[in-house]
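Keep the picture open while you read.

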Amino acid sequence: MYGKGLRALSLATFAALTATFALVFFYAPLDVDQGFIQKIFYVHVPVAIVTLCAYVLGAVFAALHLKTRDRKWDLRSYVVIHIALIFNVLGLLTGAIWAKASWGHWWVWDEPTLVSYLIVFLLFATYQPLRFSIEDPERQARYASVFAIMAGAFVPLNFIAVRAATAYVHPRVLATSEGGMPGQMAFTFLIAIVAMTLLFALLCSYEIASKQTKWQLRALRRRLLGSDAVAPLGRSAAPALGEPGGRSTGSSTRPARNPAEAAS
Amino acid sequence: MRPSVALLRKDLLLERRSPEAIPAMLLFSVITFVLFHFGLGRDEVSGQLAAGVLTVTILFAAILGINRLFVSEQEEGGFDGVLLAPIDRTALFVAKATALFVFLTLVEIVTVTAFAILLLGPSPFPALPGLIIVLGLLNLALAVVGALVSALAIRTRARDLIVPIVALPLLTPALIAAARGTAPLFAAAGAESLPTKWLAVLALYDLVFGLLAYAVFDFLLED
C-alpha cells in the first residue's frame, strides 16, 4: 500500500540517467581546455545544485512541520536532509576529482562554491547527532525542525559570505550559459539536472516507503505478539510517524497518536 | 519587554554573585593567546593573521559561554518558571541573548587589551573605533546564534558535544566577515579604513539569524 508510483518513478529515473550518460559520452562536445575530464561537470554540478536545493526544501518541510504539527512533514524533512547529505558527499568527491584534474590540487580554497559546499556539509552533518541525542520522539522532531530551518537559511547566507571572501576561479557556468556554454553542452547539462533531480526524488520516495512499511510491520507485530515481544526502537531509528517510538515503557500498546492530540 | 529585563537582571545578578562563565572565558582567551604565540612561533602579529587570531579566540571563548547559558535554567527549573509565568516565551530568548552579549562585551574589554599587549604588532589605538563596530556586530551574531544553539542543545544527552559542532559551522559566515573586516585595522603600516562590504555581510547575518531565532525559539520551550 505504500510506495505508490515507485515503479514509474524508478523507470523514469533509469531512462533519464541512461539518456544523460549517453549524451555526456556521445553527444556533448569535448572541452577545448580541459578535455575529457570536463565531462565530470555533468555529474558534479547537478549533484551540487540538487543538494543545495534539497537542504532548502528540508527547511521548508521543517517549517511546515512546526506549523501543522503533522509528523509526516518531519519525516519528509528528515529523509530529504538524509539523502541530500549523501549527495553532498558525492558532490564533494567529484568536485575534488575535478579540481585535481583541472587545477592540480585536490582542494582549492580560492573557490567559493567548493568551500561553502564543505561548510554546508559540516553543518548538516550535525543534524543526525543532534536529532538522535534527544530521547523523546516528539521533542526530537521539534528540535530537529528548528535546526533544519536555521540550517536552511544558512545555505544562501553562507554562500554570500564565502563568495565575497574569495577570488573567482570557479567556472561560472550558469552566469555564462548564454554566451559561454555551447548549445549541445547546455542541453546535456539540462538533461543531467533533470536526471539528478529524479534520482533524488526516487531515493527519497524509497526511504519514506521503507520507513512507513517498517513501522506498519512493527505496529502489526505489536498487536499480534504484544508489546513486550517487540524490541523498542533504538535511538538511531529515524523519526517515528504513526506510533510514539523511543524508549517507551512498553507496559501497554499505546494508541497511535493522532494529530489533534499532538497539537494540544 | 519587562519580563526580558527581569530575566536579564536575574542572569547578570547570578553571574555577579557567583562568577562562572566570564572568568572561564577570560582565562581561556588569554591562554589561547599564549598558545598562539608558541604555535605560530611569532612574537607579534599584524594584518589578517592578527585579525584571525583575535576573532577565532573570541569565537572559541564564546563557545564556553554558550555551553553554560541555559544550565541554571535546566538544573534549577527555570524553564518551568518561564512556562508557568504568563509571559511571552521569547522573553527568555531576548534575555539570554542580551546576557550573552553583555558577557562577551565584558570579556572582550580584557581580551582585546591582553591581545594588544601580548601579540599585536601595530598600535591598537587607531584601530579601536573600527574594532568596536566589528566586535559589536560579531557579538550580536554570537549572542543570537549562541542563545538558540544553547537552547537547542540543553535538552540533549550530549550537550557539550552538540554545542560546538552545531555552533561553529553556523557561525562560520560571521567569523569570515569579522576576520576579513578587522584585518585592515591591524595592518602593519597603520590602521586602514573599515571595509563596508564586511560590515554589510555581518549586519545581514545578524538580521537574518536574529529574526529567524526569534521566530523559532518558541518551539524549543513547549514541554
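In chain A, residues 24 or more positions apart account for 76% of the contacts with a separation of 6 or more. Please keep in mind that this is a predicted model.

**Chain A as a whole**

Chain A has eight helices and zero strands. Chain A holds 264 residues, and 36% of them count as buried.

**Chain B as a whole**

What does the secondary structure of chain B come to? The count is nine helices and zero strands. Along the sequence, the pattern of chain B reads α-α-α-α-α-α-α-α-α. The radius of gyration of chain B is 18 Å, close to the 17 Å that the globule rule gives for 223 residues, so chain B is as compact as a globular protein of that length. Its C-alpha trace spans about 60 × 35 × 30 Å along the principal axes.

Of the 223 residues of chain B, 46% count as buried. Take the contacts in chain B between residues at least 6 apart in sequence: 85% of these join residues at least 24 apart.

**Where the chains touch**

How many residues of chain B are in contact with chain A? There are 26 of them, and they meet 25 residues of chain A. On the side of chain B that touches chain A, the elements giving two or more residues are helix 7 (128–154), helix 8 (159–182) and helix 9 (196–216) of chain B. Helix 8 of chain B brings the largest share, 10 residues. Sorted by class, this side of chain B has 18 nonpolar, two polar and six charged residues.

| Helix pair | Angle | Distance between axes |
|---|---|---|
| Helix 6 and helix 7 of chain B | about 140° | 8 Å |
| Helix 3 and helix 4 of chain A | about 150° | 10 Å |

In chain A, helix 3 and helix 4 are roughly antiparallel to each other. Helix 3 of chain A passes helix 4 of chain A in a left-handed crossing. Their contact is made by Ile81(A), Leu85(A), Asn88(A), Gly91(A), Leu92(A), Gly95(A) and Ala99(A) of helix 3 of chain A, together with Leu114(A), Tyr117(A), Leu118(A), Phe121(A) and Phe124(A) of helix 4 of chain A. These residues divide into nine nonpolar, three polar and no charged.

Leu104(B) belongs to helix 6 (residues 90–118) of chain B. Is Leu104(B) buried or exposed? Leu104(B) counts as buried because 27 C-beta neighbours lie inside 10 Å, and 20 or more are needed for that label. Leaving aside its neighbours within four places in sequence, Leu104(B) is in contact with Ala62(B), Gly65(B), Asn139(B), Leu142(B) and Ala143(B). Leu104(B) and Leu26(B) are 78 residues apart in sequence, and their C-alpha atoms are 9.6 Å apart in space.

Arg7(A) sits in helix 1 (residues 6–26) of chain A. With 9 C-beta neighbours inside 10 Å, Arg7(A) counts as exposed. Along the sequence, 195 residues separate Arg7(A) from Leu202(A), yet from C-alpha to C-alpha the two are 9.6 Å apart.

Where does Arg69(A) lie? Look for Arg69(A) in the loop between helix 2 (41–68) and helix 3 (71–103) of chain A. Arg69(A) counts as partly exposed, with 18 C-beta neighbours inside 10 Å. Its backbone is worth a look too. Most residues other than glycine have a negative phi. Arg69(A), although not a glycine, has a positive phi of about 60°.

Note on methods. Residues numbered from 1 in each chain as written. Chains lettered and ligands numbered in written order. Predicted model: local features only at pLDDT ≥ 70, side-chain atom pairs only at ≥ 80, totals over all residues. Helix = DSSP H or I, 4+ residues; strand = E, 2+ residues; numbered from the N terminus. Rg over C-alpha atoms; globule rule 2.2 N^0.38 Å. Buried ≥ 20, exposed ≤ 12 C-beta atoms within 10 Å, placed from the backbone. Contact = placed C-beta atoms within 7 Å. Nonpolar A, V, L, I, M, F, W, Y, C, P; charged D, E, K, R; others polar. Axes fitted to C-alpha atoms, helices over the stretch in contact; angles between N-to-C directions. Parallel < 35°, antiparallel > 145°, perpendicular 65-115°, else oblique. Left-handed = near helix turned anticlockwise from the far one by under 90°.
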